[in-house]
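Below are my notes on the model, as numbered points. Please read them alongside the coordinates.

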Amino acid sequence: MKILSIETSCDETAVSVLEGNEHTITVLGNALASQIELHAQYGGVFPALAKRAHAEKFVLLLKEALSESGMLIEGNADLPDLKEQLEFLNEKETTLKEHFLPFFSQYQKPAGVDYIAVTSGPGLEPALWVGINAAKALSTVWDIPLFPINHMEGHVVSAVFQQKNENKFSLHELSYPVLALLVSGGHTELVVSDEPLQYKKIGQTRDDAVGEAFDKVARILGLPYPGGPKISAFAKESREQNLEKFIELPRPMLHSGDYDFSFSGLKTAVLYATQKKELSENDKKSIAQEFEEAAVEVLVSKTAKAIEEFNVQTLLVGGGVANNEWLRAELTRAIKEQYPQVTLLFPTKDLTTDNSVMIGMTLYYQLLHEKNKKTASNILKADGNLSF
Ligand code: KG4
Ligand code: ZN
């Protein structure tokens, strides 16, 4: 079974072609363009700019993914209704339409693509719409069933298929209950599953997402967007050099008794402690270490509490912050020392930040469990706040 998958929920435009065979997925083609440089000057993602960049890049990336899969075949497509079929792009997606008209006329329908999967939320709605409208165009003109995918489920499933070699992933059989810790620039959630495809959110952030806090603290320290990797690198140097503590930060909501988080106070504390001060490189490194350790301590502690309460057998971690080495190390240590019965699964690094492979994987995973058979639909809507 072959799936064409699309992701445009935030600042990555991505298109992939996957082939699923029993419990194995092969990535046949994968193209991704990041808008990081575009948004860096604003210190965060600017929705109108994101939408425009998605629309400008989409068809290019589609061609790249199809070409890598050996599916970009020139040929005189006979499409008498093409203009009519793309009429729905007239008002809001003129760039997509301009690019699609010559594309459909020049290339044949790729043979063997069974389904199209597209992120329908959560995310920035203007950005989501670009992917959805592109998917609708492909689904209509090529007559391929289309399925909406929840981006957060994508982050969960990105850890379910473990990488075997460069482009092959295989399904890891999960023991239930499964707990997913989802940590990204937009979300911080703990989600429990008692069986495949059932998700119950047990806690989330009440203000900033943890990745957002990394980005904001980085900004205060004058470090470039996205701040996560830079803060993490600074924290590591501070640990290695055993730097003196510049600041003591709280562990917000550590003992709140629930599974919710709050990270905006950390950013404010860093802001107050550094105002009107000339910070040396070492001061910044020390602050980065304390911030990273405060954020990770809360994440690990609440995850551990959930493991106990829900008798969790498998822990999945997903989202951009799952890249963080300190989080990986601390979770690994906690599982080894306190919960050796729990299997801990991280996605491969390329699949932690936003990508379309995880969106295609999720549809395949759903189809493996046969739950998505009836919901192919061309009438999709973007839902910025889509939740479990
Ligand atoms: O999942 P993602 O690509 O986008 C969203 O769906 O939000 O996550 C991006 C977030 C950014 O906030 C970025 O700073 C953070 O992930 N991030 C990290 C690291 N790498 C990326 N945070 C901490 N440590 C890292 N190594
Ligand atoms: Zn994401």
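1. A180 stands opposite L316 in β11. The two strands concerned, β8 and β11 (residues 314-318), run parallel and are joined by five bridges. Strands are said to pair if DSSP finds at least two bridges between them; strands (E, at least two residues) and helices (H or I, at least four) are DSSP runs, numbered from the N terminus.

2. On provenance, this is a predicted model, in which local features need pLDDT of at least 70 and side-chain atom pairs count only at pLDDT 80 or more, while totals for chains, interfaces and linings use all residues. Residues are numbered from 1 along each chain as its sequence is written, chains are lettered from A and ligands numbered from 1 in the order in which they are written, and side-chain values use heavy atoms, with hydrogens and water left out.

3. The β8-β11 pair belongs to an open sheet of five strands, ordered β10-β9-β8-β11-β12, with mixed pairing. Its edge strands are β10 and β12 (343-345), each of which pairs on one side only. From one strand to the next the twist averages 20°; axes are lines fitted to C-alpha atoms, for helices over the stretch in contact, and angles run from 0 to 180 degrees between N-to-C directions. Helix α10 (residues 281-309) lies across β8, β9, β10 and β11 and runs at about 160° to β8, where contact means heavy atoms within 4.5 Å.

4. Within this sheet, β9 (residues 188-193) and β10 (residues 200-204) pair in the antiparallel sense over four bridges. The bridge partner of V191 in β10 is K201. The hairpin of β9 and β10 has six residues between the strands, and L197 there takes a positive phi near 70°. Most residues other than glycine have a negative phi, and most peptide bonds are trans, so this residue deserves a look.

5. Which peptide bonds are cis? One joins Y176 and P177, with omega about 0°; P177 is found in the loop between β7 and β8 (178-183). The peptide bond from Y225 to P226 is also cis, with omega near -10°, and P226 is found in the loop between α7 and α8.

6. Another open sheet has seven strands in the order β5-β4-β1-β2-β3-β7-β6, again with mixed pairing. β5 (146-150) and β6 (161-165) stand at the edges with a single partner strand each, so one side of each has no neighbour in the sheet. The twist here averages 30° from one strand to the next. β6 and β7 (residues 168-171) pair in the antiparallel sense over four bridges, and N165 has K168 as its bridge partner in β7.

7. What surrounds ligand 1? The shell holds 20 residues, and the closest are G185, D215, G228, G320 and N324; a residue is near a molecule if one of its heavy atoms lies within 4 Å of it. The shell divides into four nonpolar, 14 polar and two charged residues. Here Ala, Val, Leu, Ile, Met, Phe, Trp, Tyr, Cys and Pro count as nonpolar, Asp, Glu, Lys and Arg as charged, and the others, Gly among them, as polar.

8. An oxygen atom of ligand 1 is 2.7 Å from an N or O atom in the side chain of D215. A polar backbone atom of G228 is 3.0 Å from a ligand 1 oxygen atom, and a backbone N or O atom of D354 lies 3.1 Å from one. Taken alone, ligand 1 exposes 560 Å², of which the protein buries 90%; accessible areas come from the Shrake-Rupley method with a 1.4 Å probe, and for residues only the protein chains shown count as cover. Elements giving two or more residues to the shell are α6 (151-157), α7 (210-220) and α8 (227-241).

Conventions
Polar contact = N/O pair within 3.5 Å; in protein donor to acceptor, adjacent residues only side chain to side chain.
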